[in-house]
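Hello,

I am passing a structure on to you, and my notes follow below it. Please have a look at the model before you read on.

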Amino acid sequence: MKHYVDYITDVTCRLLAIDSPTGYTKNAAEFVMDEYRKLGYAPKMTVKGCVLVEIGGKNAENGIVLAAHTDTLGAMVAEIKPNGNLRVSPLGGMNPNNAEAENCRIVTRFDGIYEGTFQLNNASIHVNGEYNATKRQYADMEVVLDEAVHTKEDTEKLGIMVGDIVCFDPRTTVTKTGYIKSRFLDDKLSVGILLGYAKYLKDHGIEPENRQYHYITVYEEVGHGGSASIPAGVTEMISVDMGCVGEGLSCDEHMVSICAKDSRGPYNYDVVTGLIKAAKAQNLNFAVDIYPYYGSDVDATLDAGHDLRHGLIGAGVYASHGYERSHKDGVENTLKLLIGYCK
């Protein structure tokens, strides 16, 4: 399995280097399509911008979709302030406490990309007597541009305008001990895992029993990623997303997490049972948990009215929606669970 874990780690790092906040995902989607093509598949891009790949399988009337998402958290320019700095509005659940002092890029529509830093207004602690007491919220924070701007007009001359995308640095690193640390492991790590699984099937000439599709969505962080484009004949869908790590849960970064219930309700009993059975059969390091503040692509699929069974798994990820951390062990356990469950 080391070969596949190494591939997953490499492709994940390359994907993390491509900015893709919700609403600005085309470059990442095209990268994913190219990787599936290299593996010998024929991916298609949906009208919405998602990537749909038919993996193969004998039974077309009982198909399964494995979904992950390549859209991430980010922000959008909401106002060019009188001082030339930018007030921004979040894309998805980027918490300003976690984003403070992070380097970022502002993608203009017609005039290139500029760099900056997301800071508290009046960010010098030697000047601002209320620095410690100020609550970190978007209304009290700004992007300070790495340009010689002093007025709104200076910034407008650069071509920056309301609606431009703000991308935060992922700061990706892989440690000698196997930890993978980065913003946006949610959910680019799972995209890497699905690519690794597709590579495994192709390398071993395995045709799944049931028709299988990989679905890489691009609006998960705002709640409608998996709401459309489910192929005919699909009766089951599993979101491969991050497994939650935190107080009150049993999962850690070395494990694969099987979600029994999230904030929207329970996952399909038979699917969860089948995932647990497959994990036990392979003696995997796994956890079954309830995620208290979580929704997935397959929740959106059910909301859209699709009639299917649903599940959720993922490698354990600590510090979700912040500077996240997982481990190659969690990657391997998740890959093995997919192999065992989808036979």
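Lys-199 touches His-3, Tyr-4, Tyr-7 and Leu-39, leaving aside residues up to four places away in sequence; a contact here means heavy atoms within 4.5 Å. Lys-199 is found in helix H5, and helices (H or I, at least four residues) and strands (E, at least two) are DSSP runs, numbered from the N terminus. Is Lys-199 buried or exposed? Its relative accessibility is 14%, so Lys-199 counts as buried; buried means under 20% relative accessible area, exposed over 50%, and partly exposed in between (1.4 Å probe, protein chains only).

Before going further, please note that this is a predicted model, in which local features need pLDDT of at least 70 and side-chain atom pairs count only at pLDDT 80 or more, while totals for chains, interfaces and linings use all residues. Residues are numbered from 1 along each chain as its sequence is written, and side-chain values use heavy atoms, with hydrogens and water left out.

Next comes helix H2. This helix covers residues 26-38, and its buried residues are Ala-28, Ala-29, Phe-31, Val-32, Met-33, Glu-35 and Tyr-36. Among the elements that cover them are helix H1 (2-16), helix H5 (185-203) and strand E12 (210-217). Just after H2, Gly-40 has a positive phi of about 100°.

In the loop between E12 and strand E13 (234-240) you will find Ser-227. Ser-227 is partly exposed, at a relative accessible area of 24%. Its side chain reaches the backbone oxygen of His-224 at 2.9 Å. Ser-227 also touches Lys-48, Ala-300, Thr-301, Ala-304 and His-306, again not counting residues up to four places away in sequence. Ser-227 and His-306 are 79 residues apart in sequence, yet 8.5 Å apart in space, C-alpha to C-alpha.

Last, helix H6. Residues 269-281 form this helix, and Val-271, Val-272, Leu-275, Ala-278 and Ala-279 are its buried residues. Seen down the axis of H6, these fall within an arc of 125°, so they line one face of the helix; the arc is that of the directions from the helix axis to the C-beta atoms. The face turned away from that buried side carries the exposed residues Tyr-269, Asp-270, Lys-277, Lys-280 and Ala-281. What covers the buried residues includes E13, strand E15 (256-262) and helix H8 (328-341). At the N-terminal end, Asn-268 caps H6, with a side-chain oxygen 3.0 Å from the backbone nitrogen of Asp-270. Asn-283, which follows H6, has a positive phi near 55°.

Best wishes

How values were computed: Expected span 1.5 Å × (residues − 1). Polar contact = N/O pair within 3.5 Å; in protein donor to acceptor, adjacent residues only side chain to side chain.
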